[in-house]
Structures are given as structure tokens and as C-alpha cells.
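Please open the model in your viewer and keep the selection tool at hand.

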Amino acid sequence: MTPATLYALTGVGLFAIGLYAFIRHAHLLRKILAFNVMGSGVFLVLIGLARRTPTGLTDPVPQAMVITGIVVAVAATALALSLMLRVVATIGRTELPDDPARRAE
Amino acid sequence: MQTRMPGSRSTLGRRLLPVLLAGLCGGLALTILSLSPPGPSSGLADEVTAALAQTGVTSPVTAVLLDFRGYDTLLEMAVLLLALGGVWSLVAHLPRIDGRPGIMLDRLTRLYLPLMLVVAGYLLWAGGTAPGGAFQSGAVLGAAGVVLTLGGWRLPPRLAGWPLRLVLTAGLVIFIAVGLLPIGFGSLWLDYPRAWAGGLILLIETTASLSIGATLAALFLGGQPRGDP
Amino acid sequence: MDLSGPLAWAIDALLALLLLWLALRALGSPVPLEGVIFFIGFGLTLAMVWVRLEVPDIALAEAAIGAGLSGALLLAALAGLRKVGGQRDVPGPADPGHPPDALAKDTSGDGRSGSPPAAEVAD
């Protein structure tokens with residue numbers, strides 16, 4: 001196992017942790033954090049697999065995709081945070097009323 | 001009625017979730033491990049290296065971002081503007097500043113801001129040959145905007161109307177214009193002429209980094225800066 | 001940079017475990033402020049991992065955008081949560097600098113700031 005494969009497996013683990021937290025928690029901010037962690041896990045998998053070249057030169061196309069992904073993720077996070085603040089201002093709670101995870105908190 | 005009885009359905013779901021996720025995790029891990037020795041193909045690295053001379057830059061990542069996959073970058077800048085539009089439509093105008101920053105923040109802002117501008121300029125220029133480029137430079141500019149905001153500075157109302165919108169959209173507009181230019185010369189969309197490719201990429205990157213920096217700072221600010229009353 | 005050898009392996013294993021632990025702490029903490037701070041640490045550690053994987057462009061972007069700007073956005077949102085008055089789950093530290101007050105308390109009387117009276121979902 002090369003170190004790149006180790007990081008790719010870490011990425012899978014992060015994706016799973018993020019997905020579990022996203023489903024399990026009802027607090028909107030924690031959902032946003034979970035979504036970001038999932039994204040980071042995917043990026044790790046992409047780059048971990050991009051290093052599998054026989055020449056040792058990392059494939060630049062996944063690198064460009066990950067840079068794009070990081071920027072898009074922050075834009076989505078900003079919009080999601082604005083939506084969250086608006087939702088809280090409207091209903092007064094940080095959890096959506098019909099979220100089944102709510103009772104589990 | 002929204003009350004959910006803690007019945008067997010939700011408890012079963014709560015117990016099933018970790019099992020399903022463990023299965024997903026294990027399956028993905030097995031896939032990655034089965035792929036792991038370096039394969040015979042090197043992805044697209046060889047094609048990029050072979051075609052690098054046509055792009056006018058020597059950094060493969062910048063070449064991919066701005067030339068080979070330039071359309072993706074164009075759309076990404078549109079996504080940034082869309083997110084900003086969404087944030088601005090959700091939030092009212094910002095109230096006036098009602099506080100003064102502390103002395104530490106004030107002094108550090110005055111110290112860091114010129115350094116950040118220089119670093120952003122370097123990253124932009126070095127992007128053609130070394131790690132760097134429009135996004136990294138734009139990110140540092142955005143961070144400079146955040147530092148200014150935290151220090152209590154707000155955009156003067158005179159500049160918060162059309163000039164601000166001009167800076168925000170300039171990157172995308174220039175990119176589209178440069179992309180449409182080859183069509184006028186009988187070529188394809190975004191097909192930079194080889195002799196000018198390096199210069200065009202630098203032009204796109206410069207306006208893009210300014211736009212990205214302004215957009216990121218505006219996203220942090222959270223609301224439309226107060227324009228002329 | 002040598003990506004093999006026992007010392008390099010130790011560093012990689014440590015970084016991978018650190019990433020997973022930081023993610024768990026960030027997502028598992030009941031206090032949102034603690035989660036955000038661990039998330040910023042997670043972002044910075046991820047930037048180190050990108051350096052380890054020899055992709056410096058991504059490391060620059062992650063450190064600036066993924067850790068720095070994302071962290072600033074999250075902290076500003078937390079401050080906004082406190083002002084708008086969601087559940088009282090944020091123990092109040094001092095305001096981080098001058099947080100932008102995003103909602104509601106608009107002095108210009110712009111009609112858009114007034115959200116409709118809280119439509120209480122009948123529970």
C-alpha cells in the first residue's frame with residue numbers, strides 16, 4: 001500500500017463519517033459541517049487515486065477538479081449558511097421541524 | 001401532528017444506519033485497494049504533458065484549469081456569482097458600523113494588508129510556472145477583504161453600486177469574451193490562438209483573481225454593501 | 001520529497017489518524033463553536049496532507065479557502081445565530097472582531113428585512 005492509497009482510504013472514512021453525521025444530526029450548522037467533511041473525503045479519494053501513475057507525475061486533471069471543488073464547496077457553504085440564518089430567523093429553532101433526526105437529539 | 005413515537009421503525013433505522021454505512025465504507029475501501037498498484041495507464045498526465053507546449057504556460061495544473069478544462073473554470077466562476085446572488089437575495093442591507101476595532105486588530109490589519117496584496121500578486125504571476133494561479137491569488141485577496149471587514153472597514157457608498165458589480169462580474173465577462181473571440185476568427189469557442197495563449201491566460205487569470213477575491217469577501221460580508229441612499 | 005521509508009510512513013499514518021480524529025471531534029461535539037474550531041483545524045491538517053501528496057496548488061487553495069475562508073464564514077454564521085436567537089446552544093465568547101450582523105436589525109427600513117411573523121409549525 002502506498003501512502004496515497006492510505007490517504008484515499010482515509011478519504012473513504014471521512015466520507016462515511018460525514019454522511020453518518022449528516023443523517024444523524026438535526027442541527028443545521030452541524031449538517032453543513034458534515035457536508036464539508038464529506039466533500040473533503042471525496043477530494044482525498046480523487047487525489048489519492050491520481051497518484052497511481054507509473055511515472056510518478058500526479059495526474060493534473062483531478063488536481064484541477066479538486067481546486068474547482070474546493071471553491072464550489074465554499075460557495076455552497078456560504079449560501080447554505082445564509083439559508084440557515086434565514087430559516088432560524090423565521091422559525092426560531094436551528095432544526096427543521098419535520099426532520100426525523102430531531103427526536104433523536 | 002409531528003410527534004413521532006419512538007417506535008420500532010425509527011429505532012430500526014437508527015440501528016441500521018451504521019451497518020449500511022459500514023458496508024458502504026468497506027465496499028469503497030475494497031474498490032480502492034483493488035485498484036492500488038500503479039496501473040499501466042497514467043490517467044491523462046501524459047496527454048497533458050504532450051500538449052503543454054500549446055498552452056503558453058508550463059504548470060500542468062494551470063494549463064488544465066485555464067486551457068484544457070477552461071469551460072469548467074468559467075462555469076465555476078458563474079457558480080460563485082450565483083452563490084453571491086443567493087446570499088444577497090436572502091439578506092437585507094447591512095446596518096452601519098457601530099463599533100471600533102481594538103488596537104491589536106487595527107495595527108495587524110495595517111501590517112498584513114500590504115503583505116497580502118503582494119502575496120496575491122506573486123501567486124497570480126507565478127501561476128504560469130509554479131504552484132499558484134487565479135484561485136489561490138483570489139483566495140488571498142478574499143482573505144484580505146475579510147481582514148478589512150473584521151477591522152471595521154466598509155466599502156464607501158459611492159463604490160458600492162455599479163463599481164462593485166463591475167469588479168464582481170469582470171472575471172466572468174472577460175473569460176466569456178476571450179472565449180468568444182476565436183469564433184470571430186473561424187475557430188472554436190475557447191480555442192486560444194497558440195501564439196497568444198500565454199498572454200490570454202494571464203489576462204483571464206488577472207481579472208478572475210480580482211473577481212474571485214471580491215466575491216469571496218462579499219460572501220463573508222453577508223449582505224449587500226450599502227449603496228448611495 | 002521521499003514518499004517511502006518508515007519515517008515517512010509514520011508521518012502519513014499520524015496525519016491520517018489526525019484527520020479522522022479531528023473530523024470525529026468536529027462532528028460529534030454538542031457545542032457548535034467547538035465543532036467549528038475543530039473543523040478549522042481539520043482544514044489546516046488537510047492542507048498538510050495535500051503537501052504530503054505533492055499537490056501544492058491544492059494545498060494553497062485548501063489552506064486559504066477551505067480552512068481560512070470557510071472557518072471565517074462559519075464563525076460569522078455562529079455569531080449571527082446568537083443574534084437572531086436560535087436555540088441557546090452557543091456559549092458566548094467575545095465577538096470575533098466585528099461580526100457582520102446579517103439579518104433583521106436593519107435600520108433603513110428596507111422591507112425585505114422583515115420576515116413574516118414566525119410561522120410556528122403546529123407541533
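A residue is called buried if 20 or more other C-beta atoms lie within 10 Å of its own, partly exposed in between, and exposed if 12 or fewer do so, with C-beta atoms placed from the backbone. This is a predicted model, in which local features need pLDDT of at least 70 and side-chain atom pairs count only at pLDDT 80 or more, while totals for chains, interfaces and linings use all residues. Residues are numbered from 1 along each chain as its sequence is written, and chains are lettered from A and ligands numbered from 1 in the order in which they are written.

**Stop 1: chain C**

Select chain C. Of its 123 residues, 42% are buried. Chain C holds 3 helices and 0 strands, in the order α-α-α from the N terminus. Helices (H or I, at least four residues) and strands (E, at least two) are DSSP runs, numbered from the N terminus.

Two residues are in contact if their C-beta atoms, placed from the backbone, lie within 7 Å. Among contacts in chain C with a separation of 6 or more, 40% are between residues 24 or more positions apart.

Next, select C:E54, in the loop between α2 (32–52) and α3 of chain C. This residue is not a glycine, yet its phi is positive, near 60°. Is C:E54 buried or partly exposed? C:E54 counts as partly exposed because it has 16 C-beta neighbours inside 10 Å.

**Stop 2: chain B**

Select chain B, which has 8 helices and 0 strands. Along the sequence the pattern is α-α-α-α-α-α-α-α. Buried residues account for 36% of the 229 residues in chain B. Among its contacts between residues at least 6 apart in sequence, 79% join residues at least 24 apart.

**Stop 3: two helices of chain B and the loop between them**

Select α7 (162–184) and α8 (197–221) of chain B, then the loop between them, where B:L190 lies. B:L190 has a positive phi of about 65°, although it is not a glycine. B:L190 counts as buried because it has 20 C-beta neighbours inside 10 Å.

At what angle do α7(B) and α8(B) pack? The angle is about 150°, and the axes are 7 Å apart. Axes are lines fitted to C-alpha atoms, for helices over the stretch in contact, and angles run from 0 to 180 degrees between N-to-C directions. The two helices are therefore roughly antiparallel; angles under 35 degrees count as roughly parallel, over 145 as roughly antiparallel, 65 to 115 as roughly perpendicular and the rest as oblique.

Residues of α7(B) that meet α8(B) include B:L168, B:L172 and B:F175, and those on the α8(B) side include B:L203, B:I204 and B:A208. The residues of this contact divide into 15 nonpolar, 5 polar and no charged. Here Ala, Val, Leu, Ile, Met, Phe, Trp, Tyr, Cys and Pro count as nonpolar, Asp, Glu, Lys and Arg as charged, and the others, Gly among them, as polar.

**Stop 4: B:L80**

Select B:L80 in helix α4 (residues 70–90) of chain B. B:L80 is buried because 27 other C-beta atoms lie within 10 Å. Leaving out residues up to four places away in sequence, B:L80 touches A:V71, A:A75, B:I212 and B:T215.

**Stop 5: chain A and its partners**

Select chains A and B together: 39 residues of chain A are in contact with 41 residues of chain B. On the chain A side, α1 (3–24), α2 (28–50) and α3 (60–91) each give two or more residues. The most come from α3(A), with 15 residues. By class, this side has 26 nonpolar, 8 polar and 5 charged residues.

Now select α2(A) with helix α1 (residues 6–28) of chain C. These helices pack at an angle of about 160°, with axes 9 Å apart, and are therefore roughly antiparallel. A:R30, A:L33, A:A34 and A:V37 meet C:A23, C:A26 and C:L27 there.

**Stop 6: C:L69**

Finally, select C:L69. Residues up to four places away in sequence not counted, C:L69 touches A:V74, C:A64 and several residues of chain B, including B:A139, B:L216 and B:F220.
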